Amino acid sequence: MTPQIEIILVAIIVSISCSLLGVFLVLRKMTMMTDAISHTILLGIVLAFFVTKSLNSPLLIIGAALLGLVTVYLTEIIKKTKLVSEDSSIGIVFPFLFSIAIILITKFASDVHLDIDSVLLGELAFVPFDRMLIGGVDIGAKSLYVMGTIMLINIVFILIFYKELKIVTFDNALAYVLGFSPVFIHYALMTLVSVTAVGAFEAVGSILVIAFIIGPPITAYMITSRLKHMIIFSILIGVGDSILGYIIADYFDVSIAGSIASIIGFVFILVFLISPRYGVLLNMYRRYKKRYDFAVMTLVFHINNHEDTPKRIIENNKLTLHEHLQWNKQFCNKIVDIALNSEYIHSNNGIFYLTNKGKQYVNRSYKDIGYSNV
Amino acid sequence: MGTLQSLFSDYTLQIVSFGSALLGLVSGILGSFAVIRKQSLLGDAISHSALPGIAFVFLLTGSKKTEMLLLGALLTGLIGTFIIITVNKYSKISFDSALGLTLSSFFGLGLVLLTYIQKIPDANQAGLESFIFGQASTLLFRDIVIMTILSAAILLIVVLFWKEFKLISFDPLFGITIGFSATKINIIISFITVVAIIIGLQSVGVILMSALLISPGVAARQWTNKLSIMILLASIFGIISGVSGSIISSLIPNMPTGPVIVIVISLIVFISLLFGRRRGILWKHIKSKRYKAQILKRGDLV
């Protein structure tokens with residue numbers, strides 16, 4: 001397995017692990033907590049490092065996961081006092097813990113490769129250098145196995161607790177009433193987030209973890225409203241972003257993690273604008289077009305209403321039409337042209353009449369808007 | 001005593017303390033508004049969004065002059081804010097998700113630019129990274145001058161628009177009904193918040209800036225119900241943490257300034273939460289004990 005493949009594989013595995021959790025976090029509006037956790041696990045790593053004196057011990061992951069929980073717990077305590085809002089609670093707790101971590105590192109561990117840069121930024125490029133040795137045999141990059149295991153844990157968790165996750169996410173109160181424990185699900189999710197963040201730390205760094213947890217899920221959210229589809233799309237988008245990001249980083253020789261995070265952002269903006277169902281640009285265009293469609297309908301209704309009366313000479317007159325409809329002349333002419341092109345109306349001596357097609361259109365439209373034209 | 005004396009005559013320390021004090025003042029004021037408007041974490045996102053702007057300006061101009069870099073930071077900070085608010089407004093994406101996405105993508109873009117810069121031969125880019133963690137000890141006199149000017153401008157705007165800010169922060173709907181433009185005022189507040197964050201980037205860096213924005217306001221809130229007093233207290237807390245943070249970190253060797261400032265202000269927050277007038281946890285505890293004692297004594301419902 002070439003280094004390039006290993007790098008891309010690790011990125012893909014991390015993105016899948018994060019997408020699985022991210023979908024639920026996004027739906028529960030808990031993404032800021034993951035931002036906080038991904039910063040504070042540094043403290044957990046530092047403390048665990050002081051105990052074990054080694055950067056490779058599994059205790060690091062446990063320590064970091066524990067600290068993730070501590071972060072959540074402290075934030076909850078502060079929030080419970082009702083003296084501080086939720087987002088402010090998060091904003092107080094995590095910088096405090098993170099500052100402690102930075103101080104500890106700079107004071108006591110500055111000679112160790114617990115480099116703050118790599119904490120935030122990670123560096124995917126170094127993944128192939130850290131090998132996994134079993135009995136002296138090199139079976140691949142260590143990150144592959146660590147993240148692979150975490151990914152499997154996440155997959156199993158989602159599969160086993162899918163129904164619980166679903167109900168707790170969408171109807172918390174119902175979950176309580178039915179006897180589920182939203183609190184358990186909440187802390188379980190957060191534990192997995194901490195574990196995933198720690199595992200992904202060295203490889204991709206905090207920032208990319210946040211990007212993976214939020215980006216592909218919300219991009220998927222702009223495409224679909226169904227939970228299963230959201231998860232699938234999220235995984236696909238995450239994988240796609242990783243590959244694309246790597247290619248670009250490789251070409252320009254820049255930070256791989258940064259490149260993937262940027263692509264995640266770009267892709268989201270793209271989908272945000274042009275998604276067929278929820279895209280902003282498309283919806284703006286639809287609303288714009290609806291305005292014209294509605295105007296044509298109004299025009300044809302008007303002609304229909306006055307057609308059989310003697311007043312049609314004034315009401316349906318080409319020259320005075322815009323006055324009766326209270327439109328400005330240019331707009332009126334545009335609408336008339338559309339109606340003429342659609343063969344809903346025809347003009348006779350300067351007066352408009354409905355065509356057969358027009359009459360059918362009128363009846364259809366009345367039915368559509370629920371008006372009985374009897 | 002000798003150390004204390006050298007404290008007051010040390011030029012660098014004076015500069016760093018003054019800069020941190022300015023930072024504390026400004027973030028105290030603007031942070032209070034952010035806390036009231038429940039937009040505390042916006043500061044975090046804006047700080048992270050500033051990184052690509054800094055790198056980009058350096059790429060374009062090759063200059064590391066503070067005002068140029070800050071301009072770039074301001075630009076991307078504003079773009080980031082715009083994206084967050086627009087995405088939240090025009091889709092079903094929640095505010096915190098928009099925050100997190102903008103934060104991470106922009107920061108990632110900043111990283112890409114930084115690593116790109118690193119490769120350019122003889123590009124003098126050392127020190128750009130100090131924006132990530134802040135390096136208060138690298139502040140120069142001209143940096144302080146810029147910070148002072150910006151802070152003064154921010155203060156002036158806050159004083160001028162005091163009534164409008166107060167109105168739109170507490171009751172935007174009412175403000176709209178009496179004819180104020182909530183959008184315009186929000187834009188002004190966001191703008192000066194971004195400027196304040198840019199000021200702080202140099203001292204405490206991207207990551208810790210959000211703490212400085214939130215904590216003084218939260219701490220001050222525990223002591224009063226009046227906005228004017230809250231902002232006054234917040235600025236005082238901010239200044240105290242800035243100055244003491246600088247002094248403490250200079251006394252201990254190998255101690256970075258930013259984190260110490262954050263720890264000081266965090267401690268102020270915790271103390272305020274416990275002992276704050278009328279609302280503090282300690283007083284609630286005492287009051288409830290007194291109440292229970294009264295009930296027991298009287299034997300009936302007081």
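## Charge on chain B

Lys and Arg count here as positive and Asp and Glu as negative, while His and the chain ends are left out. On that count, chain B of this predicted model carries 23 positive and 10 negative side chains. The centres of the two sets lie 16 Å apart.

## Fold and dimensions of chain B

Chain B contains 13 helices and 0 strands. Read from the N terminus, its order of elements is α-α-α-α-α-α-α-α-α-α-α-α-α.

The C-alpha trace of chain B spans about 85 × 60 × 35 Å along its principal axes.

## Burial, contacts and surface of chain B

Of the 302 residues in chain B, 55% are buried. Among contacts in chain B with a separation of 6 or more, 71% join residues 24 or more positions apart.

## Salt bridges

Over all chains, the whole structure has 2 salt bridges. One of them pairs Lys79(A) with Glu86(A), and their closest N and O atoms are 3.8 Å apart. That distance meets the cut-off, because a salt bridge requires a side-chain nitrogen of Lys or Arg within 4 Å of a carboxyl oxygen of Asp or Glu. Lys79(A) has a relative accessible area of 30%, so Lys79(A) is classed as partly exposed. Glu86(A) is also partly exposed, at 40%.

Another salt bridge joins the side chains of Asp293(A) and Lys289(A), with an N to O distance of 3.7 Å. Both residues belong to helix α12 of chain A, which covers residues 280-307. Asp293(A) and Lys289(A) are 4 residues apart there, about one turn of the helix. The relative accessible area is 38% for Asp293(A), which makes Asp293(A) partly exposed. Lys289(A) is likewise partly exposed, with a value of 39%.

Helix α3 of chain A covers residues 59-80 and includes Val70(A). The relative accessible area of Val70(A) is 35%, so Val70(A) counts as partly exposed. From Val70(A) to Ser88(A) the separation is 18 residues in sequence and 17 Å in space, taken from C-alpha to C-alpha.

Lys82(A) sits in the loop between α3 and α4 of chain A, where α4 is 86-108. Lys82(A) has a phi near 65 degrees, a positive value in a residue other than glycine. Most residues other than glycine have a negative phi. Lys82(A) is exposed because its relative accessible area is 72%, and the threshold for that class is over 50%.

## The loop between α10 and α11 in chain A

Asp253(A) is another residue other than glycine with a positive phi, near 60 degrees. Asp253(A) lies in the loop between α10 (227-252) and α11 (256-274) of chain A.

The relative accessibility of Asp253(A) is 49%, so this residue is partly exposed. Exposed would require over 50%, and buried would require under 20%.

Notes
Residues are numbered from 1 along each chain as its sequence is written. Chains are lettered from A and ligands numbered from 1 in the order in which they are written. This is a predicted model: local features need pLDDT of at least 70, side-chain atom pairs count only at pLDDT 80 or more; totals for chains, interfaces and linings use all residues. Side-chain values use heavy atoms; hydrogens and water are left out. Helices (H or I, at least four residues) and strands (E, at least two) are DSSP runs, numbered from the N terminus. Buried means under 20% relative accessible area, exposed over 50%, partly exposed in between (1.4 Å probe, protein chains only). Contact means heavy atoms within 4.5 Å. The place of a charge is taken as NZ of Lys, CZ of Arg, CG of Asp or CD of Glu.
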